[in-house]
Amino acid sequence: VCKKRAAELRDELLFKQPDSSHWGDCPICCLPLSVDESNSTMMSCCSKAICDGCDYADQMRETGGKRQSKCPFCRHPTPKSQEEAERIQKKRIEVNDPVAMRLMGFERQEKEDYDGAFAYFTKATALGDVGAHFHLSRMYHEGKGVEMNEKKVWHHLEEAAIKGHPKARHNLGCLEAGNGRADRAVKHWI
């Protein structure tokens with residue numbers, strides 16, 4: 001009876017629609033950020049995603065007043081070189097910024113340093129980053145840097161889906177359909 005009720009409660013949590021996308025809200029205008037990442041800009045100085053509207057308004061303000069380019073959120077000057085951006089990212093990682101850790105994990109994954117990627121993604125998930133859960137699910141699914149583990153794939157996809165990650169939700173639907181549970185798959189896809 002207890003296991004059945006625990007499963008029911010988990011399903012309620014899993015299939016409940018989140019209040020906003022996994023990106024959250026723009027910290028300037030407080031409108032929900034688009035699920036489409038191309039409609040926002042990630043600021044390297046503070047690891048905040050800013051909607052394109054606020055970014056554009058800030059650019060117009062800077063251009064009109066011939067001002068130095070700064071982050072519209074924290075007002076830190078825009079990095080002038082890739083080295084400066086990397087130094088800022090390292091500082092963000094040192095202060096346990098989960099977004100900076102996820103981005104570093106993604107960079108390591110792109111360079112096929114799967115051990116490094118796994119370490120950064122794991123720490124980012126411990127700090128509550130939704131995207132890192134999704135990336136870990138992919139690593140466990142593909143067996144890159146870790147041993148393939150279907151149980152962990154499901155766990156990380158569920159955690160990401162609960163917090164509003166649309167690709168995780170889609171992948172869960174595909175897994176459910178592949179296991180012959182069309183009713184649950186459709187709930188993920190709707």
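**Figure 1. Cysteine 174, at 36% relative accessibility, counts as partly exposed.** Here buried means under 20% relative accessible area, exposed means over 50%, and partly exposed lies in between, with a 1.4 Å probe and protein chains only. The model is predicted: local features need pLDDT of at least 70, side-chain atom pairs count only at pLDDT 80 or more, and totals for chains, interfaces and linings use all residues. Residues are numbered from 1 along each chain as its sequence is written, and side-chain values use heavy atoms, leaving out hydrogens and water. Cysteine 46 is buried, at 9% relative accessible area. Cysteine 30, by contrast, is exposed, with 55%. A disulfide is taken as a pair of cysteine sulfur atoms within 2.5 Å. That rule gives a count of zero disulfides. For cysteine 46, which is in no disulfide, the nearest cysteine sulfur belongs to cysteine 71, 3.7 Å away.

**Figure 2. Cysteine 30 sits in the loop between helix 1 and strand 1 (40-42).** Helices (H or I, at least four residues) and strands (E, at least two) are DSSP runs, numbered from the N terminus. Isoleucine 50 is 20 residues from cysteine 30 along the chain, and their C-alpha atoms are separated by 9.8 Å.

**Figure 3. Helix 8 covers residues 166-178.** Its 13 residues reach 18 Å from first C-alpha to last, close to the 18 Å expected at 1.5 Å a residue; the expected span is 1.5 Å times one less than the number of residues. Ala168, Arg169, Leu172, Gly173 and Glu176 are the buried residues of helix 8. Seen down the helix axis, these residues fall within an arc of 145 degrees, so they line one face of helix 8. The arc is that of the directions from the helix axis to the C-beta atoms. Helix 1 (2-15), helix 6 (130-142), helix 7 (150-162) and helix 9 (182-189) are what the buried residues of helix 8 pack against, with contact meaning heavy atoms within 4.5 Å. Glycine 180 follows helix 8 and has a positive phi, near 80 degrees.

**Figure 4. Histidine 188 belongs to helix 9.** Histidine 188 is buried, with a relative accessible area of 3%. Setting aside neighbours within four places in sequence, histidine 188 is in contact with Leu14, Phe15, Arg169, Leu172, Gly173 and Glu176. Of these, Arg169, Leu172, Gly173 and Glu176 are among the buried residues of helix 8.

**Figure 5. The largest nonpolar core holds 25 residues.** A nonpolar core is a set of buried Ala, Val, Leu, Ile, Met, Phe, Trp, Tyr and Cys residues joined through side-chain atoms within 4.5 Å. Leu14, Phe121, Met139, Leu157, Ala168 and Leu172 touch the most other members. At least two residues of this core come from each of helix 1, helix 4 (98-110), helix 5 (114-126), helix 6, helix 7 and helix 8. Another core, of twelve residues, lies apart from it; Trp23, Cys26, Leu33 and Ile88 are among them. Leaving aside neighbours within four places in sequence, leucine 157 is in contact with Phe134, Ser137, Ala168, Asn171, Leu172 and Leu175.

**Figure 6. Helix 6 is mostly covered, with ten of its 13 residues buried.** The buried residues are Val130, Gly131, Ala132, His133, Phe134, His135, Leu136, Ser137, Met139 and Tyr140. Their cover includes helix 4, helix 5, helix 7 and helix 8. From first C-alpha to last, helix 6 reaches 19 Å, close to the 18 Å expected.

**Figure 7. Glutamate 158 and arginine 10 form a salt bridge, with the closest N and O atoms 3.1 Å apart.** Glutamate 158 is in helix 7 and arginine 10 in helix 1, so the pair ties together parts 148 residues apart in sequence. A salt bridge is a side-chain nitrogen of Lys or Arg within 4 Å of a carboxyl oxygen of Asp or Glu, and the structure holds 17 salt bridges. Glutamate 158 is buried at 15% relative accessible area, whereas arginine 10 is partly exposed at 27%.

**Figure 8. Glutamate 176 and arginine 181 meet through their side chains in a salt bridge (2.5 Å, N to O).** Glutamate 176 is buried, at 2% relative accessibility, and arginine 181 is partly exposed, at 33%. Elsewhere, salt bridges that share partners join Arg10, Glu158, Glu159 and Lys163 into one network.

**Figure 9. A salt bridge joins the side chains of arginine 92 and aspartate 97 (2.9 Å, N to O).** Arginine 92 is partly exposed at 24% relative accessibility, while aspartate 97 is buried at 7%.
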